[in-house]
Amino acid sequence: MEPTTTQTMATPAATGSLSGSLSVEEAILASFLPEARHDPYPAYDVLRETGPFVPGPFSLQIVTRYAEADAVLQDHAWSHAAEPEFLHPDSDGSDLPASFLWMEPPDHTRLRRLVSKAFTARGLETLRHRVEQVAAEVVDNAISKGEIDVVEDLAYPLPLAMIAELIGVPPEDLPFVRANSAGVARGLDPDTLLTADELKARADGAQNFRDYFEKMVAERRARPKDDLITALAQVEAGGDRLTTGEMIATLTVLLIAGHETTVNLLANGVLSLTRNPDQFEVLRDNPGLALPAVDELMRYDGPSHATTRKAVKDVEISGHSFKEGTGVLILLAAANRDPRAFPNPDKLDLTRYAQSTAVPRHLGFGVGHHYCIGAPLVRLEMECMLRELARRAPVMTLLADPPPYRPNIVVRGIAELPVRFEA
């Protein structure tokens, strides 16, 4: 059968209560509207049980289940290059610094190869001591303050400092980075869901980063340093096909994605541990679970909730036929809670990925040649923070539940998370 599509996203009079029974239409709306950002999972459950493919907004089929999402992400018959066409049809691309994120081979392969050495697990091990040092400082600060906003005081400092050091952005420029990253990150959501001010913030942020990195690249060519800006500038000077425009877009993407993902994962992780104190006790008793716990936290409540693909030829998935040009929106977070793939998917189990039995990989970092290039850095930062929390074993008490969330869909995150830390 060939799936049909819904052309537009209607605005409802009411979306219904997530605590009650949702219709399919209400579940689609709840998956995208800000009112349900605090808990979209009941809506995802409805869509997943409706079928592996559900007609959705933006002329896209919603992919809801693990097997089908995994199959699409691994199949080269599906391209990620059409995401601007689907979600940002009126953009000329200048306000969407995507670099290799929205490319396919051979350009994707070329750009990814040039930056991948900086993000290998082995290469990043040289940063471990520095990451551990910053994580300890951050937790010390949380305990000394007593009551903190986890997003501001615990989630932001570590990943923002690390990606800035790796790229070569000086500490005094971090307020500039934060101010402009927020607008670009929000701007990854469908344009029809953005206000005029949000569209302007995306365009302004993209332009500010272009101006910033153009100046930084020129400075590194004149005075090289041991950082990624210098490395990419030297690669271009050495005759590779990396252009200045590609370099600037790549640095912008790495800087924004290199901290936004981890900030949201850290905040989500603390929220999950405070809501599941038995699991925090498991971590305290066995800090060696910190690394496999990263994968479980990414599966259970990761920040990456949606991505798109376009069929570049006729293709069949699980008995469903898609013609060339058909688009899909993959609900990664719904697939990560698919009971067909994960036993007790709504239960946080920090031992899940530490068991001897095979567990399906989660889709939080993507799959295939678009697998997150910064995953090793995210794992390192999360592991060190979880180890430090386990070592200090603070009593963490939520002061607001649910906390307020950002309206973002593609990269979902908490806006503010007040928590009391007690030694």
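Trainee: How do you know how confident the predictor is in this chain?

Mentor: This is a predicted model, and its chain averages a pLDDT of 89, with 91% of the residues scoring at least 70. That score is on a scale from 0 to 100.

Trainee: Which stretch has a pLDDT below 50?

Mentor: That would be residues 1-19. Beyond near neighbours in sequence, this stretch still has 45 contacts in the model.

Trainee: What makes a set of residues a nonpolar core here?

Mentor: The members must be buried residues of types such as Ile and Phe, joined through side-chain atoms within 4.5 Å. The largest such core has 81 residues, and Ile167, Phe213 and Phe421 touch the most other members. Helix 13 (residues 244-275) gives the most to this core, with 13 residues.

Trainee: What does Phe213 touch?

Mentor: Leaving out residues up to four places away in sequence, Phe213 touches Ile167, Val169, Ile229, Ile248, Leu251, Thr252 and Leu255. There is also a second, separate core of 23 residues, including Leu22, Ala27, Phe58 and Phe86.

Trainee: How do you know that strand 9 and strand 10 pair?

Mentor: Pairing needs at least two bridges; strand 9 and strand 10 (residues 418-422) have four, in the antiparallel sense. As one example, Thr397 has Arg420 in strand 10 as its bridge partner.

Trainee: Why are strand 4 and strand 9 said to stand at the edges?

Mentor: The open sheet runs in the order 4-10-9. Strand 4 (147-149) and strand 9 (395-398) each have a single partner strand, so one side of each is left without a neighbour in the sheet. From one strand to the next, the twist averages 30 degrees.

Technical notes. Residues are numbered from 1 along each chain as its sequence is written. This is a predicted model: local features need pLDDT of at least 70, side-chain atom pairs count only at pLDDT 80 or more; totals for chains, interfaces and linings use all residues. Side-chain values use heavy atoms; hydrogens and water are left out. pLDDT is the predictor's confidence in each residue, from 0 to 100. Contact means heavy atoms within 4.5 Å. Buried means under 20% relative accessible area, exposed over 50%, partly exposed in between (1.4 Å probe, protein chains only). Helices (H or I, at least four residues) and strands (E, at least two) are DSSP runs, numbered from the N terminus. Axes are lines fitted to C-alpha atoms, for helices over the stretch in contact, and angles run from 0 to 180 degrees between N-to-C directions.
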